[in-house]
4 protein chains.
Amino acid sequence: MAWRERLTRFVEHQRFQQFVIAVIVANGITLAVETSRSIVASHGALLHTLDTIALTIFVVELLLKLIAYDRAFFRDPWNVFDFVIVSFALVPASGPFSVLRALRVLRVLRLISAVPAMRRVVSGLLAAMPGMGSIVALLALIVFVAGVMATKLFGEIAPEYFGSLATSLFSLFQVMTGEAWPDMAKTVMAEAPMAWIFFVVYILISSFAVLNLFIAVVVSAMEDQLRDDMRAEENEHAAALARTQAEILAELRTLQAKVDRLDEPDKV
Amino acid sequence: MAWRERLTRFVEHQRFQQFVIAVIVANGITLAVETSRSIVASHGALLHTLDTIALTIFVVELLLKLIAYDRAFFRDPWNVFDFVIVSFALVPASGPFSVLRALRVLRVLRLISAVPAMRRVVSGLLAAMPGMGSIVALLALIVFVAGVMATKLFGEIAPEYFGSLATSLFSLFQVMTGEAWPDMAKTVMAEAPMAWIFFVVYILISSFAVLNLFIAVVVSAMEDQLRDDMRAEENEHAAALARTQAEILAELRTLQAKVDRLDEPDKV
Amino acid sequence: MAWRERLTRFVEHQRFQQFVIAVIVANGITLAVETSRSIVASHGALLHTLDTIALTIFVVELLLKLIAYDRAFFRDPWNVFDFVIVSFALVPASGPFSVLRALRVLRVLRLISAVPAMRRVVSGLLAAMPGMGSIVALLALIVFVAGVMATKLFGEIAPEYFGSLATSLFSLFQVMTGEAWPDMAKTVMAEAPMAWIFFVVYILISSFAVLNLFIAVVVSAMEDQLRDDMRAEENEHAAALARTQAEILAELRTLQAKVDRLDEPDKV
Amino acid sequence: MAWRERLTRFVEHQRFQQFVIAVIVANGITLAVETSRSIVASHGALLHTLDTIALTIFVVELLLKLIAYDRAFFRDPWNVFDFVIVSFALVPASGPFSVLRALRVLRVLRLISAVPAMRRVVSGLLAAMPGMGSIVALLALIVFVAGVMATKLFGEIAPEYFGSLATSLFSLFQVMTGEAWPDMAKTVMAEAPMAWIFFVVYILISSFAVLNLFIAVVVSAMEDQLRDDMRAEENEHAAALARTQAEILAELRTLQAKVDRLDEPDKV
């Protein structure tokens with residue numbers, strides 16, 4: 001049992017973590033350099049070796065953690081995150097999986113799990129997500145309904161934008177990012193002059209929903225941060241007032257007791 | 001009377017509502033599949049049958065609710081929403097009404113009224129609307145005035161953008177979504193070099209109005225959500241302090257009474 | 001003196017104000033119709049007559065108000081607004097002033113001063129302006145400096161965007177609205193490959209300044225609206241607690257007096 | 001020692017500062033005029049002389065301040081700002097440094113350090129920066145990873161957008177400003193039809209991160225401004241309540257003492 005504790009202390013040691021961060025950064029640089037075809041042509045073998053070394057270090061690191069924490073390893077979602085990202089690199093990236101080679105750069109995202117400050121930021125972002133659920137579902141529903149309608153109405157007029165449901169959904173996503181819709185509208189309105197109604201209604205409704213998505217996130221962020229601060233202060237005020245009230249009550253009770261004693265000897 | 005209560009209990013039963021939600025989702029899928037011309041060619045009859053079944057279920061569902069709630073049915077705006085949407089599908093969709101065929105997909109929006117979580121979100125969105133009334137009216141006024149001015153000033157220079165009032169209003173809506181205005185400005189300024197004044201002033205004023213529309217919504221959402229939370233807490237603090245105050249007063253009055261009794265026997 | 005009071009009562013009468021609003025709306029409609037060249041060709045004389053009638057009513061209305069309020073008339077900024085707008089229509093709109101014909105539609109903006117709800121909204125917008133002063137000045141300074149730099153650096157490379165200081169300022173305003181900058185960057189970078197630094201820095205700084213302008217407005221709107229509400233409630237709580245405290249103090253003083261009386265007869 | 005105090009009083013005198021502001025504005029105007037090639041051709045010598053005079057005044061001003069404050073000069077970051085900006089103008093702007101000539105206009109930014117209101121605004125902006133650190137780092141990481149992936153995946157398909165890592169990063173920055181991405185997507189998807197996944201995921205993640213950057217700034221601005229106001233008021237309420245409580249306690253103790261005296265003579 002002693003060796004497991006010592007192993008845990010080793011993988012949690014600041015030096016070890018700083019070493020892993022350094023390897024991630026170094027690997028990020030080699031991956032960046034690898035995008036240059038001329039450097040790959042001249043120093044390809046070196047880059048490949050460096051990449052393999054980095055990957056080996058990551059695998060060893062994860063194995064050590066797996067041994068140290070045993071089953072508890074997978075309880076920390078950040079460990080799962082590291083595990084999945086490193087696994088990508090071990091899948092043979094050839095044939096239909098050649099896209100996976102490009103996914104190797106996701107390894108650099110391990111910086112997020114390795115640096116505590118970034119971990120906190122991402123945890124904060126994820127914490128804001130549940131409150132967004134219903135509005136995101138509503139937005140998806142709006143885009144879906146608009147997509148089916150656009151395909152039916154404009155599919156034959158402008159097949160490059162609305163030819164199939166998939167194309168329509170992609171076009172409507174572009175409209176939602178505020179891009180390229182004047183071109184779409186011009187193409188469609190050349191044959192269906194009333195089509196502006198569709199675009200104006202869709203833009204107004206989807207912007208309004210996005211705005212509310214935005215507000216939901218802002219308000220929830222406020223609730224968590226601003227309120228905590230103010231609550232602390234209010235609690236302090238309220239506590240000070242309550243303390244003095246308690247003092248007043250105590251004094252009153254002493255007084256009560258004295259008056260009682262004052263009363264009794266008289267009767268006696 | 002007993003059968004009406006039993007009918008009400010039936011249409012409000014969770015199972016019945018889950019069944020309706022399932023039919024809405026299934027109908028949404030058939031409507032999505034229907035956008036593919038090749039599938040319609042091969043399985044058109046099946047899709048049509050499925051659509052008719054779904055529609056029949058919706059009609060029966062609404063009839064049951066109509067019978068169960070009687071006049072109270074139309075008091076719930078969500079019922080009116082369902083009623084209008086299902087009615088669309090019953091209008092003969094041929095000739096000039098062929099657009100209505102595309103509106104059948106609006107039926108999928110019934111998901112909003114069927115799922116309580118989405119109902120709440122939409123209710124929330126609609127609750128934010130009254131506070132926006134005046135600013136939306138102001139924005140409409142600004143766009144109208146700018147539209148008339150642009151038609152008069154640039155109608156002959158750039159008829160593709162400002163040829164008629166309708167075209168101008170549509171172009172100015174595009175400018176407001178932050179799209180394509182450099183092209184318009186270039187076309188117009190080729191002949192009227194001072195036209196940049198119009199565009200800059202219009203963009204500044206309309207952005208400022210939109211910004212304030214946005215702020216109105218955010219502030220009202222804050223007022224409703226953030227304040228409620230803080231109010232609850234403050235009320236709690238205030239209530240705790242008030243409770244102790246009441247206790248102090250009660251003690252004081254007891255003391256008062258005792259001192260009074262102390263006073264009287266002396267005099268007697 | 002009596003006739004002036006009666007005149008004031010007349011121009012402030014709800015019926016009179018509703019009549020003026022109706023005339024503004026009607027005039028807005030005739031101005032909108034006037035943008036159609038075919039209708040002007042067939043009914044031009046009628047439209048001109050209606051416009052003259054509306055203008056006459058506005059002039060009479062303002063004269064009545066001028067007489068009724070005398071010098072106080074110009075103390076209300078909304079009256080000044082009405083006065084300036086109606087004056088535009090009386091300037092002979094010919095020759096170099098032909099642009100003023102298009103400005104006649106500004107008369108429709110009198111709706112803002114005539115409808116109390118819109119008046120409040122615009123007052124609210126204007127109240128947010130002072131807090132924006134310094135940031136707007138900073139933003140103007142940033143655009144000016146960037147404009148001079150762009151003209152010097154890229155003036156010969158891309159004269160269509162940065163040929164003169166005026167052109168540069170207009171281009172940089174376009175960049176700030178998030179439009180067309182990829183085209184500008186591409187043109188410039190064809191000859192000056194490092195120009196991306198200029199664009200990226202300018203976009204980051206100007207977005208950051210605009211963001212802060214936005215925050216200044218939001219925070220000030222919050223301060224005015226949200227705080228007022230919460231303050232009201234807090235005041236209420238504080239007042240309730242203070243009231244009970246006063247009661248406690250009063251009881252204590254009564255008690256004090258009683259004990260004093262209790263003390264004295266003993267000594268006597 | 002006396003002359004240093006007098007010098008300090010001189011450089012801090014309002015008149016002196018107003019004179020410097022006037023020179024900055026005048027220099028800004030000559031720099032703006034200098035962008036016009038025709039005016040430079042006719043009055044180039046005059047402009048050059050004016051510019052040299054302004055620069056001389058700035059150098060003298062900074063020397064005076066350097067002497068007056070001695071080592072303390074560089075402790076004020078605004079002085080460092082002024083020093084760096086004026087130094088730019090003294091570097092010989094020829095050959096490879098010709099870009100520095102364009103940087104001379106940065107001198108106009110001295111307005112920021114010279115006008116107290118703008119100084120406060122910029123200090124406010126900079127104060128908001130530390131809270132943004134982690135999210136900006138996260139955003140940079142996201143853009144870097146997406147850039148490497150895009151170069152690997154689309155580098156050969158669309159070299160004009162994703163040919164090298166630098167080009168990819170610039171393209172992805174454009175996407176983040178909401179510009180031109182439909183064109184990129186169209187070019188790439190012509191050969192890699194699944195590329196929409198990359199764009200949609202990148203846009204969603206980067207928008208979400210930017211949104212949170214934005215919220216971090218808003219919330220921190222709120223915390224600083226809104227809270228201060230509310231805290232002041234709350235403190236006031238709490239202080240008033242606490243004052244009355246102290247009064248109540250004092251009265252109670254007086255009462256206590258009286259009852260004690262009442263008790264003792266009885267026993268005596």
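**Exercise 1. Decide whether B:Asn79 is buried or exposed in this predicted model.**

Solution. B:Asn79 has 7% relative accessibility and therefore counts as buried; buried means under 20% relative accessible area, exposed over 50%, and partly exposed in between, with a 1.4 Å probe and protein chains only. Finally, list its partners: leaving out residues up to four places away in sequence, B:Asn79 touches B:Lys65, B:Tyr69 and B:Phe73, where contact means heavy atoms within 4.5 Å.

The model is predicted, so local features need pLDDT of at least 70 and side-chain atom pairs pLDDT 80 or more, while totals for chains, interfaces and linings use all residues. Residues are numbered from 1 along each chain as its sequence is written, chains are lettered from A and ligands numbered from 1 in written order, and side-chain values use heavy atoms, without hydrogens and water.

**Exercise 2. Check which span helix α10 of chain A should have.**

Solution. Helix α10 (residues 165-176) of chain A has 12 residues. The expected span is 1.5 Å times one less than the number of residues, which gives 16 Å for α10 of chain A. The end C-alpha atoms are 16 Å apart, in agreement. Within α10(A), the buried residues include A:Leu165, A:Phe170 and A:Phe173. Just after α10(A), A:Gly178 takes a positive phi of about 75 degrees.

**Exercise 3. Identify which residues touch the most other members of the largest nonpolar core.**

Solution. A nonpolar core is a set of buried Ala, Val, Leu, Ile, Met, Phe, Trp, Tyr and Cys residues joined through side-chain atoms within 4.5 Å. The largest has 283 residues, and A:Phe162, B:Phe162, C:Phe162 and D:Phe162 touch the most other members. Taking B:Phe162 and leaving aside neighbours within four places in sequence, its contacts include B:Phe154, B:Leu172, B:Met184 and B:Phe199. A second, separate core of 24 residues includes A:Ile248, A:Val259, B:Leu252 and C:Leu255.

**Exercise 4. State where A:Met194 is placed in chain A.**

Solution. A:Met194 is in the loop between α11 (181-189) and α12 (195-267) of chain A. With 55% relative accessibility, A:Met194 counts as exposed. By contrast, 46% of the 268 residues of chain A count as buried.

Technical notes. Helices (H or I, at least four residues) and strands (E, at least two) are DSSP runs, numbered from the N terminus.
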